[in-house]
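Me: I would like to go through some labels and ask what each one rests on. Please set the value against the cut-off each time.

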Amino acid sequence: MSTEAVTSLEAALLRDVQNQLDRWTSECAGHPESERKKLLLLALEREQIVAVAYREEAVAGRVAQLPVGDQVRALFHQTLVWIWKDEQMHAEYLRGELLRVKGLGSSAVVYGRQIQGAISGWTSATSNHRHLRTAPFRAGAASVLISVAGALGRIPTALKSELRFQTFRHYCELNIALESSAELAYRRLIALTDSESERQTLERIREDELRHREAFAVMAEVLTADDRLVPQQSVDSLTQRFAAISPWFIPAGLRSAQAGTAGRVSFGSRQRVAVGVGRHDGDKVAVLESCLDRAGLATLASKSTHAVIRASFMLGYDRHDRSNVNDPELVDALARYLIRHGVSDVAVLEAPTVYGNAYDNRSVAAVASYFGFVSSSYRVVDISQSLRPIAYERGFVQQAISAEWLDADLRIVMPKLRTDPTEFAHLSLSTLEGSTGPIDDTFYAGRQIDFRSATMMLLDAAPPDFAVIDAWSPVADGPFGVMGCHRPADIRYIYAGADALSVDEVVLGDLGVGDPRLAPIVSQVYHWFGLSPAQAPVDGERPRLGEELRGAHSSKVLRGLGAVSYPVYVYLSDHGELFVPAFDAAAFPPLRPIPPVVGLVQKAAQTAFGIRAPRDA
């Protein structure tokens, strides 16, 4: 495809978008909000298209086949992955903005456009990356959908002929035009926006689209017509060009070499993970301290004055089921260890959960007191009461962070091991949720950013320096262990290390998860930070957790349940109120009467999934 043809396609698409914008401006004269909604729906559909079309599994195979060398392939792969993550965040934001308008009809329109975008994205990816000879069914189905959409006027004439299997260079040239047309539409949307915060977010999205266009232009420029690297093109100069567009467009190893490595950051460093095993409850403090010593916490503590421990107890619902909350004795032992090695101030951090919307006495202080998190060795801090404004380098919407976490000399995350239907286990990364603002804002259907992306933003700005996983009896097991467990596991293990990612990966490996990237939040870390798979050294006997825990993925039925549980909880749980554990009613009474039908649903879920206290408690 020649440069003239690319210019022609880009110009044709820009004319088509401009005509559409002009038509809507005329139709909605005097009604800017109506025009704004049309533009938001268009943007949502478009972002969903590319969020699907750019996904890693859609383009990775194509990039892997390029005859350009491993380093260039790694550059292309990381650039495309980061563009994909950008587009996912854009779609989340736009859907949340549109869902602010309440009503079933309005929501149906929003979800309908998003589904339409997802189908179009699959069609686009399949037509561009699947040849009819090698994937006749998928390529043929995509061709039929393109024909139908063209007949209905849903695809511009100039674009319809481009949706077919061609060279990767052609694919990049096509996306130059698509990104340019998207940027044009955002310009008009920004002009219609009255809210300053919305304008700033939309401007950031528009700038993302410009960066995406520039990245596709670089890839197209350095490839020949048969997808080979142009002569005299060095990897170093290409790396510099991508880094100039965005440092996140290059893999972590190359990024560190260019920018230098921050001395404090241990996250992703693959440092040693210590594992400890106990036989009796009386062993717990000795096992914990042995792990902390072997993992190097004493050295970190000796250089620190103020330490924070991000703990796990706010999902607790009944003191007779402690399987999904930290052991207070272990938290106190960790705090005392820090003080003994030089720390003068220890704060235990937790954040309110959605349970506080429906049940009384759910403040951090009240729940901490109920479960026994009271000690002279530390103070308990409610994250929601100590948020500080911050400008994140990546991502958007989130504009705050726990001040205690940010200011600490030593940041420790201490999850309670519990099984999880989507992540296999609720570990260090998941425990950081809520550290940048209310959990409600990042979890349910009206969110403008998802909780995993919010966690990545925290890891960017203030990653943990150390992780300790409390896997000491009782441990929540079964399909929804993260919420509680009627039959907890009687196991006694501690994991500790300076790299929270490695600690999580070791636990996942012990659970029998062959590739830790199967856990969505771990996969997000790899994408966000451009990491490559690597194994951290392990100090200690590794338990066979996969044999000791029933887990949330131990059968086809449970795996299927796990697959559907997340969307059901996000979209159908009425912000979590339908699916809750069996609360200690005396300590946490409902804030309002529970409707009979809701009560029946709650009781059925508690019984079916074991999210209630053990019977013999």
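Me: What makes the crossing of H4 and H9 left-handed?
Reply: A crossing is called left-handed if the near helix is turned anticlockwise from the far one by less than a right angle, and right-handed if clockwise. H4 and H9 meet the left-handed case. This is a predicted model, in which local features need pLDDT of at least 70 and side-chain atom pairs count only at pLDDT 80 or more, while totals for chains, interfaces and linings use all residues. Residues are numbered from 1 along each chain as its sequence is written, and side-chain values use heavy atoms, with hydrogens and water left out.

Me: Why are H4 and H9 called roughly antiparallel?
Reply: The axes of H4 (residues 70-98) and H9 cross at roughly 155° and come within 11 Å. Axes are lines fitted to C-alpha atoms, for helices over the stretch in contact, and angles run from 0 to 180 degrees between N-to-C directions. Angles under 35 degrees count as roughly parallel, over 145 as roughly antiparallel, 65 to 115 as roughly perpendicular and the rest as oblique. H4 and H9 are therefore roughly antiparallel.

Me: What makes the contact between Glu198 and Arg36 a salt bridge?
Reply: The term asks for a side-chain nitrogen of Lys or Arg within 4 Å of a carboxyl oxygen of Asp or Glu. For Glu198 and Arg36 the N to O distance is 3.0 Å. Glu198 sits in helix H9 (residues 196-221) and Arg36 in helix H2 (residues 32-53), 162 residues apart. Helices here are DSSP runs (H or I, at least four residues), numbered from the N terminus. Both residues also belong to a salt-bridge network with Glu33, Glu97 and Arg100.

Me: How do you know that Glu329 and Lys284 form one as well?
Reply: Their N to O distance is 3.4 Å, and the limit is 4 Å.

Me: Why does Lys284 count as buried?
Reply: Buried means under 20% relative accessible area, exposed over 50%, partly exposed in between (1.4 Å probe, protein chains only). Lys284 has 7%, so Lys284 is buried. Glu329, at 41%, is partly exposed.

Me: And why is Leu572 called exposed?
Reply: Its relative accessibility is 57%, and exposed means over 50%. Leu572 is in helix H23 (residues 556-572).

Technical notes:
Helices (H or I, at least four residues) and strands (E, at least two) are DSSP runs, numbered from the N terminus.
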